[in-house]
Amino acid sequence: MSYEFDREEYSRRIRWFTDARFGLFIHWGLYSIPARGEWVQSEERIPADEYAGLSREFDPAACDMRRWMEDARAAGMGYAVLTAKHHDGFCLFDSAQTDFTSVRSPAGRDFVREFLDAARAAGLRAGLYYSLIDWHHPDFPHYGDRNHPMRDNPAYSNEGRDFGRYLDYMHAQVRELCENYGKLDILWFDFSYDELRGEAWRAGELVDMVRSLQPGIIINNRLEVSGEGFGSLAECRPTPWHGDFVTPECIVPPRGLFDAQGDPLCWESCVTMNNHWGFCAADGFYKSAPMLIRKLVECVSKGGNMLLNVGPDASGRFPERAREILYEIGAWMDKNSDSILGCGPSGLEKPEFGRYTRRGDRLYVHIFDNTIGPLPLYGVDRERIASVRRLCDRSEVPISKSWVHSDYPELAFADLGPDPMLPDMTDTVLEVRLK
Ligand code: GLC
């Protein structure tokens, strides 16, 4: 029987997600100890049993998930996603399938449960990242695989490895996450490659199980693709395991994302704050808060979300620089979140001075660079302007009557006053209420 895609139900399911627009990604696990990023085991060809030795010292006593969620809330985020298990196979949750978990480590804690409890207490929606890839499991392909730490070592041939047995393990773990932790809002699978995609993961059976246990959950597209590729929903040929949203990685799509019929797709750009997902002590190349604010506006102006990542260290703390950036973003969101939450593309051409976002009859004018003289409201029909207010303080912004723009009667110009230095040099937002 072919899969019947229910567009109505789908739109209902993703509504909170496209309203929230801004979320926190958290990559945390054993790799925080070497502190060289989450791919350290693969990049440095560390055998599983040697790498597993790290679990004997994993005891992040300073980890306080409530503080992490306070930080996310302070940044103006509406949801958070934690790595329950990354490619290294180490689980931050209690699993009957393996002892390679944080509960069996000196930490003795189920961090997934603590995370979900803290997120819900903070009023955040919460999701779990779960790696389809597992470099710890003996039945996952080793020699010759594209990513496995032992991919170059013929001593790790795949003779006797039973991938079906690995899939039973993986499905059983996903069932544990869906059955034992209450309501989940997102399952963030990662990632398909080469022939490992779709039914190679027994994706139809997996998604049936997930959706039966977590009816309202939204699932990303990486049972089909990775950060590259869009998935079957984009092709207008949705498979039963289609992703609910596309996951461009470390990029904001140049023009937004649309399906084969030209209709807008639901998408979320996942973005590192520096250049690593997992904690990397040497990576101090953080994107600034002003840059990330403008990229969040860009995502929303193109109809997408931004999932901004923090990689906590092995003590269980967010890096201080990351917290500073979250709070600086939050200071802007505190005054301007109306121009982000529930907003999307304006349908107008991008203005030269910045970007537009829109929600119903509210057009938000994001001014990144002030203009010389009054600000041209490109594409806005003057007759439809009911009011213009500076969003940060709701003060009135008059429509300019200056002679300097008399040659452009078709355009409405906003009079921002005599001070060329805008109140917020990162992004001063005007709210235009349209008739
Ligand atoms: C890539 C990386 C993985 C990371 C993910 C986040 O798949 O391999 O380490 O968790 O991107 O999107």
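**The open sheet**

In what order do the seven strands of the open sheet lie, and is the pairing parallel or antiparallel? The order is E5-E4-E3-E2-E1-E7-E6, and the pairing is parallel; strands here are DSSP E runs of at least two residues, and helices are H or I runs of at least four, both numbered from the N terminus. Two strands pair if DSSP finds at least two bridges between them. Strand E5 (218-219) and E6 are the edge strands with a single partner each, so one side of each has no neighbour in the sheet. E4 (residues 186-190) and E5 run parallel and are joined by two bridges, and Ile186 has Ile218 as its bridge partner in E5.

**About the model**

This is a predicted model, where local features need pLDDT of at least 70 and side-chain atom pairs count only at pLDDT 80 or more, while totals for chains, interfaces and linings use all residues. Residues are numbered from 1 along each chain as its sequence is written, and side-chain values use heavy atoms, with hydrogens and water left out.

**Helix H8**

Now to helix H8 (residues 289-301): its 13 residues reach 18 Å from first C-alpha to last, close to the 18 Å expected (1.5 Å times one less than the number of residues). Among its buried residues are Leu292, Ile293 and Leu296; buried means under 20% relative accessible area with a 1.4 Å probe, protein chains only. Their cover includes strand E1 (22-26), strand E7 (304-310) and helix H9 (320-336).

At the N-terminal end, Ser288 caps H8, with a side-chain oxygen 3.1 Å from the backbone nitrogen of Met291. Just after H8, Gly303 has a positive phi of about 85 degrees.

Definitions and conventions:
Buried means under 20% relative accessible area, exposed over 50%, partly exposed in between (1.4 Å probe, protein chains only). Contact means heavy atoms within 4.5 Å. A polar contact is a pair of N or O atoms within 3.5 Å; within protein, one must be able to donate a hydrogen and the other to accept it, and residues adjacent in sequence count only if both atoms are side-chain atoms.
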